[in-house]
Amino acid sequence: MLLKVKDLENFSIGATDGVIGGVKDFYFDDEAWGIRYLDVETGEWLSSRRVLISPYSIRALDAHSTTFSVAITKEQVRNSPPIDTHRPVSRQYETDYLGYYGYPAYWGGAGLWGGYAYPFLPAMGTAGVGYDGARYDYLGGRFVGMRPELDRAEPPRKDDDPHLRSCNAVTGYHVHANDGDIGHVEGFIVDTGTWAIRYVIVNTSNWWLGHLALVAPEWIDSVTWAERRLLVDLTRQQVKDAPPYDASVAIDRAAEERIYSYYGRDSYWKGAAKRQVA
């Protein structure tokens with residue numbers, strides 16, 4: 001299902017034993033363009049502390065009740081590694097977090113989620129299935145005993161760049177085509193199955209009144225974070241003449257095919273099929 005990230009904000013997070021809180025933001029990996037964490041503000045039960053929830057734990061999305069059901073407990077969340085969401089999320093923190101919950105590392109594989117295209121937990125004994133992270137020891141600045149491959153891995157350096165970005169922070173970035181400015185980032189479209197960001201919503205209203213266009217992350221040549229700017233491998237005329245995006249209409253495969261056909265680019269689903277055949 002393709003949904004606007006903004007529409008998923010304030011969704012409730014329902015643990016196996018009660019409501020954890022509400023979604024306030026999303027962190028994405030700026031290399032693979034995948035959502036890695038939901039930034040959740042807890043309720044009074046945890047003094048409104050901010051916590052991160054991984055798509056690994058999500059078991060269902062109910063758009064009608066605006067709820068994510070997750071396979072973890074409130075006690076697990078209470079004892080999870082603390083995070084300051086006002087600072088960059090380090091790879092050291094991620095290693096601690098994944099080890100605590102028993103999740104596999106998403107980096108280092110051919111798929112969006114390690115060796116998989118989906119946030120798939122391949123074995124029993126993962127969060128919500130058998131592990132209780134609070135029972136494991138925290139030694140030497142790292143949680144141990146959950147994922148042996150993480151315990152054996154070289155500890156991340158303090159200056160490692162985790163490549164994690166806030167969707168809210170990137171909204172508003174300037175977008176440049178090959179031949180000039182075209183607008184700014186209005187938002188993101190995410191595939192809630194894979195948690196891949198499929199499209200960046202570009203608002204071009206400064207040039208073409210009321211025109212929203214969709215740009216796939218694979219068409220982005222570079223991002224200058226310090227200058228808050230995205231450079232896309234398209235021309236201004238291409239974006240101007242592109243199929244307009246109507247935020248009130250759901251994006252189906254036919255609409256996606258029109259977008260990719262217009263730009264003359266290979267679609268992500270055909271690319272995935274070719275990799276499977278190979």
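Me: The side chains of Glu94 and Arg91 meet in a salt bridge; what is the N to O distance?
Reply: This is a predicted model. Glu94 and Arg91 both lie in helix 3, three residues apart, about one turn of the helix. Their side chains meet in a salt bridge, with an N to O distance of 3.1 Å.

Me: What is the relative accessible area of Thr95?
Reply: Thr95 is in helix 3. The C-alpha atoms of Thr95 and Ala105 are separated by 7.7 Å, and the two residues are 10 apart along the chain. Thr95 is buried, its relative accessible area being 6%.

Me: Which residue just after helix 3 takes a positive phi?
Reply: Helix 3 covers residues 91-101. Just after helix 3, a positive phi of about 80 degrees is taken by Gly102.

Me: Which helix holds both Arg78 and Glu75?
Reply: Arg78 forms a salt bridge with Glu75, and the closest N and O atoms are 3.4 Å apart. Arg78 counts as partly exposed at 38% relative accessibility, and Glu75 counts as partly exposed at 42%. Because they are three residues apart, about one helical turn separates them in helix 2.

Me: Asp29 and Arg36 also meet in a salt bridge; what is the relative accessibility of Arg36?
Reply: The N to O distance between the side chains of Asp29 and Arg36 is 3.2 Å. Asp29 is buried, with a relative accessible area of 7%. Arg36 counts as buried too, at a relative accessibility of 2%.

Me: How many salt bridges does the count come to?
Reply: Among them are the pair Asp29 and Arg36, the pair Arg78 and Glu75, and the pair Glu94 and Arg91. The count of salt bridges comes to 11.

Me: Trp33 is not a glycine but has a positive phi; is Trp33 buried or exposed?
Reply: The phi of Trp33 is about 55 degrees. Trp33 lies in the loop between strand 3 (18-29) and strand 4 (34-42). Its relative accessible area is 8%, so Trp33 is buried.

Me: What is the relative accessibility of Ser48?
Reply: Ser48 is not a glycine, yet it has a positive phi of about 55 degrees. Ser48 is placed in the loop between strand 4 and strand 5 (50-53). Ser48 counts as partly exposed, at 37% relative accessibility.

Me: Which residues that line the second largest pocket are the closest to its centre?
Reply: About 310 Å³ of space lies in the second largest pocket. Of its 21 lining residues, the closest to the centre are Tyr27, Leu164, Arg165, Ser166 and Ala169.

Me: How many charged residues are in the lining of the second largest pocket?
Reply: Strand 3, strand 10 (164-166) and helix 5 (167-170) each supply at least two residues of this lining. By class, the lining has nine nonpolar and five polar residues, and the number of charged residues is seven.

Me: Which residues make the nonpolar surface patch of about 330 Å²?
Reply: One of them lies in the loop between helix 3 and strand 8 (138-139), namely Tyr116. Tyr116 is partly exposed, with a relative accessible area of 37%. The patch is made by Tyr116, Tyr118 and Phe120.

Note on methods:
Residues are numbered from 1 along each chain as its sequence is written. This is a predicted model: local features need pLDDT of at least 70, side-chain atom pairs count only at pLDDT 80 or more; totals for chains, interfaces and linings use all residues. Side-chain values use heavy atoms; hydrogens and water are left out. Helices (H or I, at least four residues) and strands (E, at least two) are DSSP runs, numbered from the N terminus. Buried means under 20% relative accessible area, exposed over 50%, partly exposed in between (1.4 Å probe, protein chains only). On a 1 Å grid over the protein atoms alone, a cavity is a set of points where a 1.4 Å probe fits but cannot get out, and a pocket is an open set with protein on both sides within 12 Å along at least five of seven lines; lining residues have an atom within 4 Å of a point. Grid points are joined across faces, edges and corners, and a volume is the space filled by probe spheres set on the points. Ala, Val, Leu, Ile, Met, Phe, Trp, Tyr, Cys and Pro count as nonpolar, Asp, Glu, Lys and Arg as charged, and the others, Gly among them, as polar. Patches are made of residues with over 30% relative accessible area and no salt bridge: like charges are joined within 9 Å, nonpolar side chains (Val, Leu, Ile, Met, Phe, Trp, Tyr) within 5 Å. Accessible areas come from the Shrake-Rupley method with a 1.4 Å probe; for residues, only the protein chains shown count as cover. A salt bridge is a side-chain nitrogen of Lys or Arg within 4 Å of a carboxyl oxygen of Asp or Glu.
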